[in-house]
Structure formats: C-alpha cells, structure tokens
Amino acid sequence: MTKHKGLLLAGDIGATKTVLALYETWPGQPLRQQTFRNAEFASFDELVERFLGAGAATPTAACLGVAGPVTADTVRMTNLDWKIEAAALKQRFGWSQVRLINDLVATAMGALQLQPADCTLLNPGEPREGAVMAVLAPGSGLGEAFLLPHRGGYLPFPSEGGHASFAPCNGEQIDLLTFMFRHHAHVSVEQVCSGLAIPKLFAFMATRQPVPDWLRQELIRAEDQTPVIVGAALAAIQGGRTCEVAVRTLELFVDILADEAANLALKTLALGGIFLGGGLAPRLQPFLERQRFLAAFARGNYRDMLGRIPVRIIRNPHTALLGAAACGASLVAGHDHQPLRC
C-alpha cells in the first residue's frame, strides 16, 4: 500500500457494526466510506485490511471511536470480543498517529458538527450559552458523554453512566426492578434502557399483558427479538395490528430514557442541551412525544430548570463518524486536545 500524506482514517466501531471512512480534507466529504458487520471478522485488524485493500493508498493517521472504555490507548470492547490497541495498529499498518476515543466521545464531538436538519427538536427549552451539553445514546447498550465549555469551544468527556444502578421512579418500575433481580445481582440502567434491554422489558410486560399468538410465533423464530418488538409496536400505533404488550413495552422504555436523561442533565448541569443519539432514539421517535417525555424528564426539585433544557433527537446515523473525523483532523493538524468550536 502507498502512504498518502494527510489522509485520515476515521471510524465508528460499535458492538454490531463498524463504519470506516477516508478523509483527505476536513470539513469535507469522505473519499470513501463503508459499513461492515463485526461478526464477519475475527479481529478489527482483519476488518481494516478489508477496507483498505491491497495496493490502495493508506492513511498516515487514524481516529477511531470505539464502544468501550479507553485505557492506556487500549480498548477491550464491552459487547464484543475485540481488543484494539493504538500501538499495535501503528506497527501493523505503519500509521504515524492513532487515537482511540470512546464512541460516545465521538458522538458528542459529532453533535457539534450537526446541522439543524440532522436533529429533531423534542423540547426547545431555553439553552444557556456556554453551558455544559450532554449526550445519551441508547443503541445495543446505553452510552453517555458530556461536553464542557473551554476557551470558546468544547472538550468532550466519556462516561460509563449507563452501568450505574437503575433507580425506578414509579410503582411499575419498582415491579420491573424486582423482576430483573430474579436474573441479575445488579441491575444497571443499560439493562433496562438499550436494544439489549427491550426483550427483557417485553418479558416483564408480558406478565401484565397478553401476547398475541402471531407475535409469540415471530419471537420464537427471531434471532434478535428487539426489532420484532419495536416493529410490532410501531405498526400498532400507526394503524396496524393491535399489540398492546409491545406498545406498553416501548412506552416503558421511553419513560426510563426520559428519566435517565434528567439524571444525566442534573449530574452534569447540562443547561446547554441534551442530545438523544444511538440507533434507537430516531427509530422510536413516534414514541418520543414531547408531553410524555417531559412528564418524566422535568420532575423533582428542579423540574422548572429541567423543563428549560433543550432536548434534541439526533437523526444523522453517522454522527459518531463525524466526531471521529473532527478529532482526527485536529490530531493531524497538531492541535490534539484543543477544544472543538461549534
């Protein structure tokens, strides 16, 4: 492969899929972009080799957003048996610079790059200029991150808040926690507010609502029950077959999501706004109705303050990739760790 001076590899490495892109200029469109299913590769190195291809120009630097905590430039992925090391990537591919960042850091950085059309405004609020902003992203897991104002821009910080304890806020959720304790010694927010959680929420709701025979059969045949449950609920509220158990499952999910968004806002004082990202938030937009969301979000002693926080649903599926590219461009330019300006 031929090295291409200034060519940047940006990546969004999730639990189930990876998106890679090559950039020659930033901001700008990628020269090439491709999505891969992680299950088809034994390692991340193998995936990169497939993307770059034999004889193709190879980048000199890479910035990769990875679903997992970054420690000493190494990530052991949370929901995938991959270990990714910056030093090993440099040696194998001859890259001069490699930066690994948490995928939610990438999403937070990417949120600063979005245009108004890339988001749906759930609550206009009254954003406070120069205040903290935060990202809550339900996907396969539940990611959290926040952006601190610094020298006219923002610095992104990761969080593993999705693994904090789930705190129920009403009788139904207390019953859910009791149900979850039958199978788990510790119940985290991620276990009740993520793609992986939806079948568990459905199993709980099935103890309260009858499950239609047609749905029961679809779930038995399904390799992944989450899209079946989500599809049944969305179809039901859009005039399709009635499926109260699926609808109630997603209503419970949204209530927990709104409450956790409030928790994140309170812990970071994110008066500049909350972004709802990940793969599920835009998919579940028909269930993210403003009045219901705010009923769970704007509560407690600071309900008035919470009600003034803008909440946006990120609809651009490549937000984390944009954030990795922005971070990588700063790395290539020699401005690593400088604040991003929005």
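View 1. Where pLDDT is low, the predicted coordinates should not be read in detail. This is a predicted model, so local features need pLDDT of at least 70 and side-chain atom pairs 80 or more, while totals for chains, interfaces and linings use all residues. Numbering starts from 1 along each chain as its sequence is written, and side-chain values use heavy atoms, leaving out hydrogens and water.

**View 2. An open sheet of six strands.** Follow the order β11-β16-β15-β12-β13-β14, where the pairing is mixed (a pair needs at least two DSSP bridges; strands are DSSP E runs of at least two residues, helices H or I runs of at least four, numbered from the N terminus). At the edges sit β11 (119–123) and β14 (153–159), each pairing on one side only.

**View 3. Strands β13 and β14.** Here β13 (residues 142–150) runs antiparallel to β14, joined over seven bridges. Glu144 has Ser159 of β14 as its bridge partner.

**View 4. Helix α7 against helix α8.** Helix α7 (residues 225–237) packs on α8 at about 105°, axes 8 Å apart (lines fitted to C-alpha atoms over the stretch in contact, angles from 0 to 180 degrees between N-to-C directions). So α7 is roughly perpendicular to α8, a label for 65 to 115 degrees. Among the residues touching are Ile229 and Val230 of α7 and Leu250 of α8.

Key. Parallel < 35°, antiparallel > 145°, perpendicular 65-115°, else oblique. Contact = heavy atoms within 4.5 Å.
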